[in-house]
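Colleague: I would like to go through the labels on this model one by one. Please set each value against its cut-off.

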Amino acid sequence: MDTKSVQAKRGRFSRGDLKQIWSGTTYPASKHPELLQLMMRFELCFPLEGSTEFIAPELLSGDPPPFKWDAKDNLRFQYHYTFMPAGIMTRFVSRNHGLIEEQNYWKNGVVLSWEGTRARIVADALARKVRIAVAGRDTKGMLAIIRREMDHIHRTLNNPDLRQMFPCICSTCAQGEPFLFDYQRVLRYYDGKVEKIRCD
């Protein structure tokens, strides 16, 4: 992570780079594959599909690559943190690299694609939020995958204090900044067979 050449390549490195980086350390070459496996296990990097190179998401550019996104009829979900631990998004990107759509990933976000469904997940550290938008054939299924992965990361971080939120979809909220419903409140209404909730 501290190597200038890897930083200059926005987190991209190869096994050959690691051989050079670790050559002046106490780690013998026979331990390098084990160290690389540890880096992947602790979600510090992931292999690039169809390549011999790896990516360390922590060193990615903060600017998203250009990609098209249709915001109409998206299923939306948000995490609001009292204190947002560092590394949530980079770990999420590492854990889900197999679902990444093309090269659509950056330090604070990623676009996933699975069976005709796309998801855009973006972290905003200043606002202490992670915003999720899902579009396509199976939005509920994709959101369930994302929430399961986020729940795992939260458990490893001693379950930080957070609220899970749903934006309101009424006609007034659709015109501007929507009111946000607490997810647990929505679940209680759902379990009580209440089909409509009044927007505050």
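Modeller: What follows takes the labels in turn, from overall make-up to single residues.

Colleague: How do you know which residues and atoms count here?

Modeller: This is a predicted model, where local features need pLDDT of at least 70, side-chain atom pairs count only at pLDDT 80 or more, and totals for chains, interfaces and linings use all residues. Residues are numbered from 1 along each chain as its sequence is written, and side-chain values use heavy atoms, with hydrogens and water left out.

Colleague: How does the reach of α5 compare with the expected span?

Modeller: The expected span is 1.5 Å times one less than the number of residues. Helix α5 covers residues 139-156, which is 18 residues. From first C-alpha to last, α5 reaches 26 Å, close to the 26 Å expected. N158 follows α5 and has a positive phi, near 60°.

Colleague: Why is K140 called exposed?

Modeller: Exposed means over 50% relative accessible area, buried means under 20%, and partly exposed is in between (1.4 Å probe, protein chains only). K140 has 69%, so K140 is exposed. K140 lies in helix α5. T117 is 23 residues from K140 in sequence and 9.7 Å from it in space, C-alpha to C-alpha.

Colleague: Which residues of α5 are buried?

Modeller: Among them are M142, L143, I145, I146, E149, M150 and I153. In the whole protein, 38% of the 200 residues count as buried.

Colleague: What makes a set of residues a nonpolar core, and which members touch the most others?

Modeller: The members are buried Ala, Val, Leu, Ile, Met, Phe, Trp, Tyr and Cys residues, joined through side-chain atoms within 4.5 Å. The largest such core has 35 residues, and L112, I121 and I146 touch the most other members. Elements giving two or more residues to this core include β4, β7, β8 and α6. Its largest share, 6 residues, comes from α5.

Colleague: Why is R12 with E53 called a salt bridge?

Modeller: A salt bridge needs a side-chain nitrogen of Lys or Arg within 4 Å of a carboxyl oxygen of Asp or Glu. The closest N and O atoms of R12 and E53 are 3.0 Å apart, so the pair qualifies. R12 is in strand β1 and E53 in strand β3, so the pair ties together parts 41 residues apart in sequence. R12 is partly exposed at 29%, and E53 is partly exposed at 22%.

Colleague: Are R118 and E101 buried, exposed or partly exposed, and what distance makes them a salt bridge?

Modeller: The distance is 2.7 Å, N to O. R118 in strand β7 and E101 in strand β5 are 17 residues apart. R118 is partly exposed at 23%. E101 has 15%, so E101 counts as buried.

Colleague: How many salt bridges are there in the whole structure?

Modeller: A search finds 12. One of them joins R185 and D200, with closest N and O atoms 3.8 Å apart.

Colleague: What makes a space a pocket, and what lines the largest pocket?

Modeller: On a 1 Å grid over the protein atoms alone, a pocket is an open set of points with protein on both sides within 12 Å along at least five of seven lines. Lining residues have an atom within 4 Å of a point. The largest pocket has 39 of them, and L75, R76, F166, P167 and I169 lie nearest its centre. The space in the largest pocket is about 1,300 Å³, a volume filled by probe spheres (1.4 Å) set on the points. Helix α6 gives the largest share of the lining, 5 residues.

Conventions: Helices (H or I, at least four residues) and strands (E, at least two) are DSSP runs, numbered from the N terminus.
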